[in-house]
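This report walks through the fold of one protein chain and the surroundings of its ligand. Please keep the sequence and the structure in view while reading.

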Amino acid sequence: MPSEPMPSDPTPTEPMPSAPTGLAVEMRGIYKSFDTTSVLRDVGFEVAKGEVHALAGGNGAGKSTLMKILQGVYTADQGEILIDGQPVTHSSIFEAKAAGIGMVFQEFSLIPTLTVAQNIYLGHEPLRGGRFINDREARRLAGEVFKIMEVDIDPGAVLGDLSTAYWQLTEIAKALAQNAQVLIMDEPTASLAKHETESLFQLVERLKAQGISIVYISHRMDEVYRIADRITILRDGRRLFTKRLTEVTPAQIVEGIVGKAVEGGLEYKKRARADSPTALLEVRNLQSGTRVNDVSFTLHEGEILGLAGLMGSGRTELARVLFGIDPLDSGEVLVRGTKVDLSSPRDASEHGIVLVPEDRRRQGLVLDHSVRDNLLLPVLGKLKRGPFVSDRAGRSLADQLIERFQVKVANPGRPVRLLSGGNQQKVVIAKWLGTDPDVLIMDEPTAGVDIGTKSEILETIRRLADTGKGVIVISSELPELLAVSDRVLVLRGGAIDSQLERTDIPNEESLQLAVQGV
Ligand SMILES: Nc1ncnc2c1ncn2[C@@H]1O[C@H](COP(=O)(O)OP(=O)(O)OP(=O)(O)O)[C@@H](O)[C@H]1O
Ligand SMILES: [Mg+2]
């Protein structure tokens with residue numbers, strides 16, 4: 001047995017009584033460093049057959065790295081891995097796959113122009129009599145996998161025509177078609193609507209009943225309690241504890257992740273506001289395609305406006321129009337009383353409007369550029385001295401932003417893609433706040449960030465409003481919306497369905513009903 005970092009946890013390897021016997025995965029004494037940065041230290045991790053095992057921890061704690069070692073993407077510097085009791089020394093994804101490890105990637109590895117079936121069998125087309133099977137056969141086999149999963153997808157559909165939820169099901173089917181016994185899901189619900197999340201959970205339960213093990217990485221406590229049997233918490237590259245969910249409270253988990261008790265971040269705090277605040281942003285009869293329908297509202301100085309609505313209700317589309325990404329067909333936008341033209345993001349940011357987008361990896365970052373360059377991108381103009389950017393001023397601003405948002409980064413000169421997912425999110429938020437905008441639009445600002453950072457981001461939003469900025473927050477997490485909004489607009493079919501003062505919303509349920517339109 002490897003030595004355990006926490007003496008308070010004497011039984012981390014306790015078997016699951018209800019699960020089929022045996023361990024699907026056993027990792028012992030895993031160490032991993034990148035260059036001189038130690039990322040994992042003496043980590044043990046076990047998953048029983050048919051178990052759903054949650055893996056939690058702060059941004060940069062090492063969750064994705066540990067799972068990439070299990071998948072053969074990285075090789076551990078030290079330690080042992082046993083799969084189904086057999087020691088493996090896999091040093092490639094292919095060997096890990098052959099040993100039964102499947103991964104449901106957060107950034108999908110699928111090809112949108114191919115059909116669902118082609119994606120599932122891409123790279124490992126089944127052989128029939130020594131020949132690659134044809135498309136029809138691939139479709140039939142894919143259909144069988146979907147039957148086992150009990151989901152209804154046409155294997156002949158072109159993937160690019162389907163929504164994110166189907167991409168994910170295709171990833172899962174792809175892993176199962178390769179006989180995966182262990183499925184690793186890294187924040188699988190991040191891009192799913194509520195009902196899609198529920199059907200994913202039901203699928204997880206069916207897979208579990210078939211003896212398949214699932215490692216479930218998530219920052220969402222409610223999900224972990226809903227589907228996991230046990231939870232392992234990593235903190236700063238070490239295993240803090242492994243416990244059954246029936247034996248650990250949410251407060252203990254949060255404290256384990258953050259390293260201290262977290263309180264109050266999600267409670268609504270009434271803020272002092274001016275009696276007749278200036279209108280920062282006035283939106284009148286805004287129309288854009290079919291997705292934004294005759295939207296009018298006013299955002300005042302010092303105000304936080306929440307945008308609620310179901311997937312597809314037009315929240316993101318409205319944000320895109322206000323940031324000059326999508327064109328407006330009619331209507332007008334006024335900033336501090338003056339009509340403005342928002343034909344491009346540059347126009348918008350010149351008028352003091354910025355958007356922290358939902359799809360941050362694709363829209364918010366240049367992944368191969370350094371953390372520092374990404375942070376400075378929107379302020380380059382201001383830092384210029386003649387034709388050159390003042391290097392010292394740039395460094396010091398970047399350092400300030402890193403400090404203020406507690407971005408976990410060893411060297412700001414290295415590419416931003418090397419940061420953990422949550423830390424990349426913080427870079428995008430920090431980058432736009434560095435421009436000192438008047439109006440800040442944040443689309444799902446806390447998706448993917450750990451629970452400690454989440455309350456910091458919400459506090460940052462309140463502080464920005466306290467200094468007179470206007471903030472528009474789009475969020476599917478109603479508790480989060482209720483924690484910060486002074487007013488909530490509920491969108492439906494691209495139009496404003498209702499406008500609620502925060503003080504008129506008694507609880508989450510009543511907002512949920514408004515969102516669902518009942
Ligand atoms: N290829 C790499 N080169 C250098 N450093 C890396 C590399 N991959 C990960 N790291 C570093 O290792 C640490 C752990 O990252 P990891 O992605 O495992 O965190 P995580 O727990 O998954 O966090 P998150 O919740 O934000 O996704 C981070 O500090 C990250 O910057
Ligand atoms: Mg991660």
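## Overall composition

The protein chain contains 18 helices and 24 strands, and the coordinates discussed here belong to a predicted model. Of the 518 residues in this chain, 44% count as buried. When contacts in the protein chain with a separation of 6 or more are considered, 69% of them involve residues 24 or more positions apart.

## The four-stranded sheet

One open sheet consists of four strands in the order β2-β1-β4-β5, and the pairing in this sheet is antiparallel. Because β2 and β5 (86-88) each have a single partner strand, they stand at the edges, and one side of each is left without a neighbour in the sheet. From one strand to the next, the twist averages 25°.

Within this sheet, strand β4 (residues 78-83) and β5 run antiparallel and are joined by three bridges, and I81 stands opposite V88 in β5. Helix α1 lies across β1 (23-34), β2 and β4, and the direction in which α1 runs makes about 115° with β1.

A second open sheet has six strands, with the order β6-β9-β10-β3-β11-β12 and mixed pairing. Its edge strands are β6 (101-104) and β12 (238-244), each of which pairs on one side only. The twist in this sheet averages 20° from one strand to the next.

Strand β3 (residues 52-57) pairs with strand β11 (residues 230-235) in the parallel sense, over five bridges, and the bridge partner of H53 in β11 is R230. Helix α8 (residues 250-258) packs on the sheet, where it touches β3, β11 and β12, and the direction of α8 makes about 25° with that of β11. Helix α6, for its part, lies across β3, β9 (182-186) and β10 (213-217), running at about 145° to β10.

## V204 in helix α6

Leaving aside residues up to four places away in sequence, V204 touches V52, I214 and I227. Two of the strands that α6 lies across, β3 and β10, have ranges of 52-57 and 213-217 respectively. V204 and L183 are 21 residues apart in sequence, while their C-alpha atoms are 9.7 Å apart in space.

## Helix α9

Helix α9 (residues 315-322) is mostly covered, with eight of its eight residues buried. Just after α9, G324 takes a positive phi of about 75°.

Most residues other than glycine have a negative phi. Against that background, E150 has a positive phi, near 60°, although it is a residue other than glycine. E150 is placed in the loop between α4 (135-149) and α5 (164-177), and it counts as exposed because it has 10 C-beta neighbours inside 10 Å, the cut-off for exposed residues being 12 or fewer.

D294 is likewise not a glycine, and its phi is positive at about 50°. The place of D294 is in strand β14 (residues 292-300), and with 13 C-beta neighbours inside 10 Å this residue counts as partly exposed, because that class lies between the cut-offs of 12 or fewer for exposed and 20 or more for buried.

Key. Residues numbered from 1 in each chain as written. Chains lettered and ligands numbered in written order. Predicted model: local features only at pLDDT ≥ 70, side-chain atom pairs only at ≥ 80, totals over all residues. Pairing = 2+ DSSP bridges. Axes fitted to C-alpha atoms, helices over the stretch in contact; angles between N-to-C directions. Contact = placed C-beta atoms within 7 Å.
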